[in-house]
Amino acid sequence: MAPAVLESRYDLTRSVLQIAWEPSVAPLSEIARALDSLGYTPHPTHATNLAAEQRNGDRALLLRLGIAGAIAGNVMLMALALYSGKYAGMAAEYAALFRWGSLLIATPAVFWTGNVFFRGGLAALRTRTPHMDLPVSLGLLAGYLGSAANTVRGQGEIYFDSLCTLIFLLLVGRYLQRTHQRRSAKASDLLNALSPTIACLVDGEALREVPASSVAKGSLVEIRVGERVAVDGVITGGCSALDTSLLTGESFPVEVSVGDRVHAGTTNLAAPLRIRVESVGAETRLGRLMQSVEATQRERAPIVRLADRVAGYFVLAVLGIAATTLSIWLRLDASHAIDHTVALLVVTCPCALGMATPLAVSAALRAAARRGILFKGGEFIEELARPGTIVFDKTGTLTEGRLALVAWHGDEGAKTLVRAAEATSGHPIARAFQRSIEDSLLICTERQEHPGGIRARVAARDVLVGSRAFVASALGSTPVWAVNRARAEAEAGRTPVLIALDGQVCAIAAFADTIRADATASLAKLVELGFQLEILSGDDQRVVDSVVRQLGVPVPNAMGGASPEDKRAVIAGLRANGQRVFMVGDGVNDAAAMAAANVGIAVHGGAEACLSAADVFTTRPGLETVALAASGSKRTMRVIRIGIGLSLAYNVLGVALAVTGRLDPLWAAVLMPLSSITVVTAALRARTFG
Amino acid sequence: MSIIFLILPVTLLLSAGAVAAFAWATRSGQFDDLETPAIRLLHDERAPALGDRGRKPDE
């Protein structure tokens, strides 16, 4: 038994056993049988299927909506008979039949399809947070109890039709809202998406592929060229260049050698490395970062939406007016006091108020999606509508996120030779050469890639391309003009690369990450909307300063050299000062900062983790969409305010009728859908992101 | 007019039948995806592989 199982890990909390086994020694069924005989009957695990859960939720709400609709239709038909009977005359036994019939079918509508509102109202009471469900359940309950009592008594008004219509319309709003809601990120999912799940373990002379999570601390792993590092550790053999952009956002690769620390999530670019493992999985820097993303998202206080804030005052006002109505009518005409108070509570039930936001928001979400902006929820539209401090990442957000050849000093004829020498390399500098110099037919006969540079033989000439240090050590010395030029380029925030032909430095190429074409215009628009701009980058301060100069838009605060942890701290600090903070980024290094901000915005092409941490993301390259998201949110908010205003106006009319005792069920039945239709039309016709 | 005492329950029963049909349709997933079926005819049809025969396309 034992030799068949190579490795095993047991997760106590989830009751999950993970094994790696040798199928030639024992099949899985045999291992399962052995476990069973020990008293642990194994079952295959399924990762909790969130998609299925969401689908079941959707179906349940749709079913609820359908039943509420059917009941509302039938109750309305009976109400129609009752209204016409009231004016044309109707025998008492038929009136009783319709009243009892309405009560019969309205009861499941109120207490089954409508129980979501009661639950929400109770939760609002318990947590003492204002919520739209509170006035809704108040109206539903008062209306139902009053109408049921009048049915039993055989006299007085009944409001079953209004109540059922109300429930149906509010469920429509809720259904629309739900179809746009997305679930938030899970740290474990993020981690799996980012770091490889397989590591190459050095076992004596042999190499063995094992699950990354099962690698023990202190063991040796090998990282091959082009592979992503799966663990945190210290290099014990080899030297290479690492692409750390996932963690730091820095566009330029970092040279590493024996004794240097490497982190999970970085990519090995040049040569194989051997690493002594220090931490794996959730304990790596990447793992901790992702945990902080999830923790920050969990801790984030829920956004109190405008409609809910209004609902808080609304409940107080309605209760006040209801109490006044009751006390006045008790003195005037005690027999009608209860009826008039019930009528008031029914007519102030905020149907239009409850629909104004969901409808305007879902229409806006659709319009935004057409323009390439995806919001994870309507509340972020409300957040983005009010300006604050907007913090941008640099690499990949304000800039294209890849190096481009921006200057060439010296021998132009060397370009084609360099292009041929760099033709097959995957190094970012080599890629930039490949993009910006046209391919020639020269053939590279000999190539050696070293950390820091490349040595090749092209068209019978020795070509040396690399950093100042690499070229200096290869040639023994570098001419003064080249050193000065290279230093000047570095000061300007560019990366200098020296080119030597046959042992003589003949040219210097400078590389930089170029700014997106629409950056300046988009930032100017955001300033116009009232936002304050800031830049928070993991890149060198000099590079950040040069980007700010090129942008030509006033950026009061531009900070370079910020680690992902720094970024998160800066954002949290700004929020602690009472500022509203928006974070725009594209990389994993921005994920924690995005989660800490009021709204995190991920731009097109962002890493997967960054998308999960973001509340808004754009599906089109460039920053124009970010400016549009802000201006569109502002317009959507105006639509919401108009909707709330309209519905409050209808409520005032209803209150006036109810307080004076002139509101009968017919008026209530007309006012309620009329106000909803007005609000719906206003919400759907408005231009928001279009 | 006393026929109404019979008609009303019958009407409600008919509505209940419609609701039951709706519940069945919802539970069997007929409203899960309202967009893809409309554009599915634009996709090129692929002959089902031998092992796929008799399998529902969404499973």
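Both faces of strand E23 of chain A are covered in this predicted model. Val599(A) and Ile601(A) on one side, and Gly600(A) and Ala602(A) on the other, are all buried (a residue is buried if 20 or more other C-beta atoms lie within 10 Å of its own, exposed if 12 or fewer, and partly exposed in between, with C-beta atoms placed from the backbone). Strands here are DSSP runs of E with at least two residues, helices are runs of H or I with at least four, and both are numbered from the N terminus. Strand E23 (residues 599–602) runs parallel to strand E22 (residues 581–585) of chain A, and four bridges join the two. Within this pair, Met583(A) stands opposite Gly600(A), and Gly585(A) stands opposite Ala602(A).

Residues are numbered from 1 along each chain as its sequence is written, and chains are lettered from A and ligands numbered from 1 in the order in which they are written. Because the model is predicted, local features need pLDDT of at least 70 and side-chain atom pairs count only at pLDDT 80 or more, whereas totals for chains, interfaces and linings use all residues.

E22 and E23 belong to an open sheet of seven strands in chain A, with the order E12-E24-E23-E22-E13-E20-E21 and mixed pairing; two strands pair if DSSP finds at least two bridges between them. Strand E12 (373–375) and strand E21 (557–559) stand at the edges, each with a single partner strand, so one side of each has no neighbour in the sheet. From one strand to the next, the twist averages 20 degrees (axes are lines fitted to C-alpha atoms, for helices over the stretch in contact, and angles run from 0 to 180 degrees between N-to-C directions).

A further open sheet of chain A has three strands in the order E8-E7-E10, with antiparallel pairing. Its edge strands are E8 (254–256) and E10 (267–268), each of which pairs on one side only. Three bridges join strand E7 (residues 240–243) to E8(A), and these strands run antiparallel. Ser240(A) stands opposite Val256(A) in E8(A).

The domain assignment of chain A gives domain 1 (196–283), domain 2 (373–399 + 516–634) and domain 3 (400–515); such bounds come from an automatic or database domain assignment. The C-alpha centres of domain 1 and domain 3 of chain A lie 28 Å apart. In chain A, 11 residues of domain 1 are in contact with 10 residues of domain 3, contact being defined by C-beta atoms, placed from the backbone, that lie within 7 Å. The side of domain 1 that touches domain 3 has seven nonpolar, three polar and one charged residues (Ala, Val, Leu, Ile, Met, Phe, Trp, Tyr, Cys and Pro count as nonpolar, Asp, Glu, Lys and Arg as charged, and the others, Gly among them, as polar).

Ala460(A) counts as exposed, with 7 C-beta neighbours inside 10 Å.

Helix packing is illustrated by helix H11 (residues 334–347) and helix H24 (residues 624–659) of chain A, whose axes come within 9 Å and cross at roughly 175 degrees. That angle makes H11(A) roughly antiparallel to H24(A) (angles under 35 degrees count as roughly parallel, over 145 as roughly antiparallel, 65 to 115 as roughly perpendicular and the rest as oblique). His340(A), Ala343(A), Leu344(A) and Val347(A) in H11(A) meet Gly654(A), Val655(A), Ala658(A) and Val659(A) in H24(A). The residues of this contact divide into six nonpolar, two polar and no charged.

Between the chains, 12 residues of chain A are in contact with 13 residues of chain B. On the chain A side, helix H2 (50–88) and helix H3 (92–113) are the elements that give two or more residues, and H2(A) gives the most, with eight. The residues of that side divide into seven nonpolar, three polar and two charged. Chain B contains two helices and zero strands, and buried residues make up 2% of its 59 residues.

Note on methods. Contact = placed C-beta atoms within 7 Å.
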